[in-house]
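Here are my notes on the model you sent.

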Amino acid sequence: MTAELFYMSSILSVTFCGITMKNYSLLNMSESSCLTVKKTVKALSNLTETLIFILLGVSTVNDTQEWNTSFIGLTILLCTVYRTVGVFILTAIANPLRLHKLTVKDQIVMSWGGLRGAVAFALVYMINSGSINNQPLFASATISVVFFTVFVQGCTMKPLLLALKIPIGVDEEASLSERLHVKFQDHLVAGMELISGSTGKPTQRLRYKAMDRQYIRPLLLGQAHSLDPKTVESIQLNGFAS
């Protein structure tokens, strides 16, 4: 509601709120409660997505569509091209800051996997046809883009992964040794920066974690949690926790 009040994206605000609160909210819940919330949200997500695509199909058949082959074809082409350009540019910016670099294969998959659906369809139908004369054309173009991304890109995703020799269905979780190695590396680099008198990202990250451990966690959780939640998760996944 606050985002809507300032004419900002409520979807992005909810997304970043979830990213920020994950490390705090889950520690206030039992394991069974976390599982219940996760399954409930997943079921609601599938339900709303199904309703949106039902509405998409009904609107495609019942509503009056305005077709312009050049406009719709150019829309699909530009959506595909600009997503590819955006992915490669943003990856070039982000890769120097990442521990695990995104490869060219990863970028190709991210570029081709730009599925569009509920959000694009809902936004185009929020346009007032009384004030925007070309709203039917915009709706037709959006529906065409959704169908192209869902059916063409979605159906060709598996062959693309096989062609690039990318494992399918492999969920890689960082092991306990990898997380501990990253923490050790952060402390080592931060110590070297302290000796040299410079301040970089490892030092800033450690300062934030210290502030989080001393102030934010006691405020939100009621007690100080000394262990990082990702480290605890790795310990549990590796079978060290009872």
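1. Of the contacts in the protein chain with a separation of 6 or more, what percentage comes from residues 24 or more positions apart? The share is 64%, where a contact means heavy atoms within 4.5 Å.

2. On the source: this is a predicted model, in which local features need pLDDT of at least 70 and side-chain atom pairs count only at pLDDT 80 or more, while totals for chains, interfaces and linings use all residues. Residues are numbered from 1 along each chain as its sequence is written, and side-chain values use heavy atoms, with hydrogens and water left out.

3. The protein chain has 10 helices and zero strands. Both are DSSP runs numbered from the N terminus: H or I of at least four residues for helices, E of at least two for strands.

4. Buried residues account for 19% of the 242 residues in the protein chain. Buried means under 20% relative accessible area, exposed means over 50%, and partly exposed lies in between (1.4 Å probe, protein chains only). The chain exposes about 17400 Å², and carbon and sulfur atoms supply 67% of that area; the areas come from the Shrake-Rupley method with a 1.4 Å probe.

5. Helix α4 covers residues 69-94. Its 26 residues should span 38 Å at 1.5 Å a residue, and the end C-alpha atoms are 37 Å apart, which agrees. The expected span is 1.5 Å times one less than the number of residues. I72, I76, T80, V87 and T91 are buried in α4. The buried residues of this helix pack against α5 (104-112) and α7. As background, an α-helix has 3.6 residues a turn, so residues three or four places apart point the same way.

6. A92 also lies in α4, but A92 counts as exposed, at 54% relative accessibility. The C-alpha atoms of A92 and L102 are separated by 9.0 Å, with the two residues 10 apart along the chain.

7. Helix α7 runs over residues 135-163 and has 29 residues; from first C-alpha to last it reaches 40 Å, close to the 42 Å expected. Where is α7 kinked? The kink, of about 40°, lies at M157, shortly before the proline P159. The bend at a residue is the angle between axes fitted to the seven residues ending there and the seven starting there.

8. A search of the whole structure finds three aromatic pairs. One of them joins F71 and F138, which form a tilted pair, 6.2 Å centre to centre with 35° between the planes. F71 lies in α4 and F138 in α7, so the pair ties together parts that are 67 residues apart in sequence. Rings of Phe, Tyr and Trp (its six-membered ring) pair if their centres lie within 6.5 Å; planes under 30 degrees apart count as stacked, over 60 as edge-to-face and the rest as tilted. F71 is partly exposed at 33% relative accessibility, and F138 is partly exposed at 30%.

9. K165 follows α7 and sits in the loop between α7 and α8 (176-196). K165 has a positive phi of about 60° although it is not a glycine. Most residues other than glycine have a negative phi. K165 is exposed, with a relative accessible area of 73%.

10. How many disulfides are there? The count is zero, taking a disulfide as a pair of cysteine sulfur atoms within 2.5 Å. C17 is partly exposed at 45% relative accessibility, and C155 is exposed at 53%.
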